[in-house]
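Work through the two exercises below with the model open. Each task is followed by a stepwise solution.

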Amino acid sequence: PHLAACVLFMSQTGARVSEAAALQWKDTDLASRRVVLLKTKTSTNSERFLTDDLVRRMAQQVEGVFHP
């Protein structure tokens, strides 16, 4: 399930593997449906917007992490 969520995240946001792997929950705002990718390939931060489906999948991941 984690890999599927990661692939979905990358396909819907255009994030590179390294950017997706470096993403931390503190850089994620599910309520506002956005994430900030820090220091991307261009050495800048990049805000990405999340679809409803992606927010739902990421929320499920949070539940799995904090409530196994």
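Two strands pair if DSSP finds at least two bridges between them; strands (E, at least two residues) and helices (H or I, at least four) are DSSP runs, numbered from the N terminus. The model is predicted: local features need pLDDT of at least 70, side-chain atom pairs count only at pLDDT 80 or more, and totals for chains, interfaces and linings use all residues. Residues are numbered from 1 along each chain as its sequence is written, and side-chain values use heavy atoms, with hydrogens and water left out.

**Exercise 1.** Determine the place of Ser46 and whether Ser46 is buried or exposed.

Step 1. Ser46 lies in strand S3 (residues 46–49).

Step 2. S3 pairs with strand S2 (residues 34–37) in the antiparallel sense over four bridges, and Ser46 is the bridge partner of Leu37.

Step 3. The relative accessible area of Ser46 is 17%. Buried means under 20%, exposed over 50% and partly exposed in between (1.4 Å probe, protein chains only), so Ser46 is buried.

Step 4. In a regular strand the side chains alternate between the two faces of the sheet. In S3, Ser46 and Arg48 form the covered face, and Glu47 and Phe49 the uncovered one.

**Exercise 2.** Which residues does Ser46 touch, not counting residues up to four places away in sequence?

Step 1. Contact means heavy atoms within 4.5 Å.

Step 2. With residues up to four places away in sequence not counted, Ser46 touches Val35, Val36, Leu37 and Thr40.
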